[in-house]
Amino acid sequence: MPLFPRWRLPLKLAASVAGAAFLYTLLRDVLHPYVSQGRNECYRIPILVMNKTLPWSSITLLALVYLPGVLAAGLQLHRGTKYSRFPGWLDRWLSMRKQLGLIAFFLASLHAIYSLCYPMRRSYRYKLLNWAYQQVKQDKADAWVEDDVWRMEIYVSLGILGLAALALVAISSLPSVSDALNWREFQCVQRSLGYSALLLATAHALVYGWRKWVEPKHFVWYTPPSFILASLLPGVVLLAKGALLLPCVDRKLGRIRRGWERPRPLPLPPRQGGPAKQVEP
């Protein structure tokens, strides 16, 4: 029997997402400076490139945790019943949400650790000395930039809150903790805190980008910055969830999940008698 059979597909999916994010970041941050300017930026790979790959992979996997629930709700609304079986691919997707969520939490934790290591890097210290020299050379007494200060304060705070919410969701999925919760408490933690973590993580990525949406210099080789691509799928999931929370939709979905079924049209009764006979002239 193979080891960890329920983890094989989630791990393959996580590896595929991380590999694509790594190659995309490598193309923009390492290959582009070398081709266009002849600068060797390979020192970015161990920390900077990895620290862009980790949050992108984490937020994508977290969105994939909640996307099948949105699709299942849409399917129930379309069918008007909860007693119809889901397609096989959706059943498999729903059954591996726990594994995807735990992998997303692991990658988010690594992202936090990598971010804390930024000031320890030798390259960062050299750049800090260069910035100080440039400030002295330009005869600037104060290098304070209000816009950058607010951006940093907000996106770091959002990242901490998002990681804390995701940690609570991950802890509640442990058997020893979930067994101590009733079904309503477990659903409250998994849904409310889970969507809160996804919302905070998406806001964290968007605030990190700040004004890079509209600055052409960040679209190297006509490719968008990684935070834009990382925010697309979570944004779609959050918008779809917001649509399901509309009162008219939420009320109908709640009735379906309580057992209500949409009345099916009755078949037309057979016509009485045969076809009318034609009278010959």
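A: In this predicted model, the count of aromatic pairs comes to six.

Start with tyrosine 24 and tryptophan 56. The pair is edge-to-face, with 5.5 Å centre to centre and 90° between the planes. An angle over 60 degrees counts as edge-to-face. The pair links distant parts of the chain. Tyrosine 24 sits in helix H1 (residues 8–37), tryptophan 56 in helix H2, and 32 residues separate them. The cut-off for buried is under 20%.

Now take tyrosine 155 and tyrosine 208. This pair is edge-to-face too, at 5.4 Å centre to centre and 80° between the planes. Tyrosine 155 belongs to helix H6 and tyrosine 208 to helix H8, so the pair ties together parts that are 53 residues apart in sequence. Tyrosine 155 is buried, at 15% relative accessible area. Tyrosine 208 has 28% relative accessibility and counts as partly exposed.

Rings also meet charges here. Arginine 121 lies over the face of tyrosine 118, 5.3 Å from the ring centre. The charged end of arginine 255 sits over the ring of tryptophan 260, at 4.4 Å from its centre.

Helices H2, H6 and H8 come up again at a pocket. Each gives two or more residues to the lining of the second largest pocket, as do H3, H4, H9 and H10. The largest share, nine residues, comes from H8. The pocket's volume is about 1,200 Å³. Its lining has 38 residues; Tyr66, Arg97, Gln187, Gln190 and Arg191 lie nearest the centre. By type, the lining divides into 19 nonpolar, nine polar and 10 charged residues.

Finally, the record. An unreviewed UniProt entry lists residues 59–192 as "domain: Ferric oxidoreductase". That span is 79% helix and 0% strand, and its end C-alpha atoms lie 17 Å apart. The unreviewed entry also places the feature "transmembrane region" at several stretches, including 99–121 and 192–210. Residues 99–121 are 78% helix, with end C-alpha atoms 33 Å apart. Residues 192–210 are 95% helix, with end C-alpha atoms 27 Å apart.

Methods. Residues numbered from 1 in each chain as written. Predicted model: local features only at pLDDT ≥ 70, side-chain atom pairs only at ≥ 80, totals over all residues. Heavy atoms only, no water. UniProt positions renumbered as here; feature names shortened; annotations may be inferred. Helix = DSSP H or I, 4+ residues; strand = E, 2+ residues; numbered from the N terminus. 1 Å grid on protein atoms, 1.4 Å probe; cavity = no way out; pocket = protein on both sides within 12 Å on 5 of 7 lines; lining within 4 Å. Points joined across faces, edges and corners; volume = space filled by probe spheres on them. Nonpolar A, V, L, I, M, F, W, Y, C, P; charged D, E, K, R; others polar. Phe/Tyr/Trp six-rings, centres within 6.5 Å; stacked < 30°, edge-to-face > 60°. Buried < 20%, exposed > 50% of the residue type's maximum accessible area, 1.4 Å probe, protein only. Lys NZ or Arg CZ within 6 Å of the ring centre and 35° of its normal.
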